Amino acid sequence: MAEVVSTEIVGQVGLVALNNPPVNAAGVALRTGLVAAVDALEANDAVAVIALYGAGRSFVAGADIKEFGKPPRAPFLPDVCNRLETCTKPVISVLHGAALGGGLEVAIATHARIALAGVQLGFPEVTLGIIPGAGGTQRAPRLMRMGPALDLITTGRRIGAEAAVDAGLIDRVTSGTPREVALKAAADVVAGQLPTRRTGDIVIQTDEAALTAAATSLARKQNHLFSPHRCVDAVAAAALPLRDGLAEERRLFNLCMESPQRAGLVHAFFAERAVAHIPEATAQPRDIATVGVIGGGTMGTGIATACLIAGCPVILVDAQSDAAARAETRIADALDGAVARGKMTPEARAAVHLATTTDLTRLAEVDLVIEAAFEDMSVKRDLFGTLGEICKPGTILATNTSYLDVNDIAAASGRPEDVIGLHFFSPAHVMRLLEVVVARDTAPEVVATGFALAKRLKKVAVRAGVCDGFIGNRVMQAYRLAADHMMLDGTPPSAIDQAIRAFGFAMGPFETSDLAGLDIAWANRKRLAAHRDPAARYVGGVADALCEAGQFGRKTGIGFYDYAGDTPVLNPALEDLISAEQARLGVTPVALDPDAVTARYLTAMIAEAVRVLEDGIALRPIDIDAVFLFGYGFPRWRGGPLHYADTLGPDTLIQNIETFAETDPLFWRVPTLLVEMRDTGRRFADMN
Ligand code: 3HC
């Protein structure tokens, strides 16, 4: 195996290659190797200049995030950076791929920096709930001034090489392999053509205006987050002598490291990547050159737009010619919007290949069909029967159903190995989650293709098994029901929404229902009516009444809230509707306080998530967390429902469920896994 850090002497140049695949994270081996390399090259009289470069895809993508939360191991990254800066010989760095976080901190501790075009530079620490902790908050302001450094550090935004040169972070942009560039730049240093200096020697003044502007903006937009505010505090210390500023940075960094927000955000980082580890990962995905989409409604047009943005030609079929024409206009608008938001280049927009038709046989030659037709089993069975006959062998037949049985749909096609669920979330060209629903007979390469497609569409794919609602909607139904129970028991919907927003969701359950359209849940209640346990409380009465009055939420201007004015107000009819239901059900209303609302809502969510896990519908707890982080607005800094559940512990959860069960034992049941976890001390984190 190649060494993590290796050195080579070429003429007067001491080259240091960093090689810690896949991203050159600055783990303990890289840190140790780097210090040893610098020690050796500094002591070698033949060496005049030391040049660092990354041997793989990147320079250094940052500290090793997997080490977070574990006992730190020397040498620590700040000391490594200080060692580089105080080296008695010039040290330069060549940046390519990613030079992020600790990677950029290493670079700005060297005496000159050369970037290769295409490099990503930035301080993403804030997105992980920490601050740059290896001198970034002290050296970046010295190179680029406080205002621009605050912008980079508090947003975690990534910039390219040219912008970094303009900002003063980088000295030069060039091309070539990292090793060649390192040799050439080192020769320039020897020849006096590339100046070098110690960043820590630069003295800067406090920029009160920039600090106040950053603090004010964060207080307005991100008051609930811990680390962005600590970034400002740390940058403020950059006007102190380097030693004192670094000490203050360390103090603030340690505070962030200990915060639960750090644990939640790091979990979210790994959740986004962990979901790709599926049993079918080694299967060879099928090639997808063209996609057919069935259905010109909101979902169909969103899915078509997502494929087109990714550069995939689409044939969209809708049985009604006017619907197909409307879909074409909607897609064109969405693509224009994508160009305006910088998600697509005008050239890519001009090269889009979209055909709309009413003729299903046009899908005979496509590689993938995604059906987003009416949510009705007999419609889907017919459709998949036809697709099974007309599509060429190997075409993948996907359904975007939200609830229906994918095994049934697969059977109707006559080629179930080609059938899969691809459950997009609306708006499909914006939402990042894609549930890949694996049916009984789905072929492994079809699953692998679903994941490959998600990557192409820049989505987070999560593998789900077949059940009513898969992972997301099944769990959502449970906590949505808990919200309805609370409303009927006497807590106003607006108070419930407010409590859930205070927890960190962008919207509460009633606001979300209004946005999604109350008619969708209404149709679902009707679909499930025959299967409902007669002993279960029926809490759909209020929403049924709204729907019967044509009040479907935002799309009709009124639902749980009335949207006629500047700000939504609670629907004035709601109080009477709720009272009537309470009278009918014999309920004496009692309003819950916000903490009690949150406890019930989250406990219902976690309990059903645990059952999803027990049933094998999700592979691991982290998959469920990813579903809620990327599809349901779960606050990222809380890490997802099962990460959050670990912070509560099984004792608290079981106690909650048992207390709530005193009034409704049918709804509130303790999952067996929670009891086992209590008895064995196992946590969800241990099952990932
Ligand atoms: N530490 C540990 N593992 C890391 C890592 C890191 N900094 N960055 C990426 N990885 C892992 C991923 O988890 C993934 O592992 P897996 O294959 O087992 O799932 C693997 O490396 C590949 O990562 P990606 O799938 O993300 O690869 P891409 O090629 O799509 O992206 C990247 C590469 C742009 C470098 C992206 O991985 C990234 O943005 N990484 C995080 C960068 C970051 O946040 N750095 C700051 C760290 S905090 C810090 O430096 C603190 C310091 O101030 C003290």
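Reader: Before we start, what am I looking at?
Author: This is a predicted model, where local features need pLDDT of at least 70, side-chain atom pairs count only at pLDDT 80 or more, and totals for chains, interfaces and linings use all residues. Residues are numbered from 1 along each chain as its sequence is written, and side-chain values use heavy atoms, with hydrogens and water left out.

Reader: Is Cys307 buried or exposed?
Author: Cys307 is buried, with a relative accessible area of 0%. Cys87 is buried too, at 2%. Buried means under 20% relative accessible area, exposed over 50%, and partly exposed in between, using a 1.4 Å probe and protein chains only.

Reader: Switching topic: how do helices H1 and H2 cross?
Author: The axes of H1 (residues 28-43) and H2 (residues 77-85) come within 10 Å and cross at roughly 20 degrees. Because of that angle, H1 counts as roughly parallel to H2; the label covers angles under 35 degrees, while over 145 is roughly antiparallel, 65 to 115 roughly perpendicular and the rest oblique. Helices are DSSP runs (H or I, at least four residues), strands are E runs of at least two, and both are numbered from the N terminus.

Reader: And which residues meet there?
Author: On the H1 side, Arg31, Leu34, Val35, Val38, Asp39 and Glu42; on the H2 side, Leu77, Val80, Arg83 and Leu84. Contact means heavy atoms within 4.5 Å.

Reader: Now helix H22. Why is it largely enclosed by the rest of the structure?
Author: Because six of the eight residues of H22 (residues 541-548) are buried. They are Gly541, Val542, Ala543, Asp544, Leu546 and Cys547. These pack against helix H18 (472-488), helix H21 (518-528) and H23.

Reader: What follows H22?
Author: Gly550, with a positive phi near 75 degrees. Further on, Thr556 sits in the loop between H22 and strand E18 (561-562).

Reader: How exposed is Thr556, and what does its side chain reach?
Author: Thr556 is partly exposed, at 37% relative accessible area. Its side chain reaches the backbone nitrogen of Phe552 at 2.9 Å, and a polar atom of that side chain lies 3.0 Å from the backbone oxygen of Ile558. Polar contacts are pairs of N or O atoms within 3.5 Å; within protein, one must be able to donate a hydrogen and the other to accept it, and residues adjacent in sequence count only if both atoms are side-chain atoms.

Reader: Last one: where is Asn571?
Author: Asn571 is in the loop between strand E19 (569-570) and helix H23 (574-585). Asn571 counts as buried, at 4% relative accessibility. The Asn571 side chain reaches the backbone oxygen of Gly559 at 2.7 Å, and one of its polar atoms lies 2.9 Å from the backbone nitrogen of Ala573.

Reader: Which residues is Asn571 in contact with, leaving aside neighbours within four places in sequence?
Author: Leu546, Gln551, Ile558, Gly559, Phe560, Tyr561 and Asp562. Leu546 is also one of the buried residues of H22.

Conventions
Axes fitted to C-alpha atoms, helices over the stretch in contact; angles between N-to-C directions.
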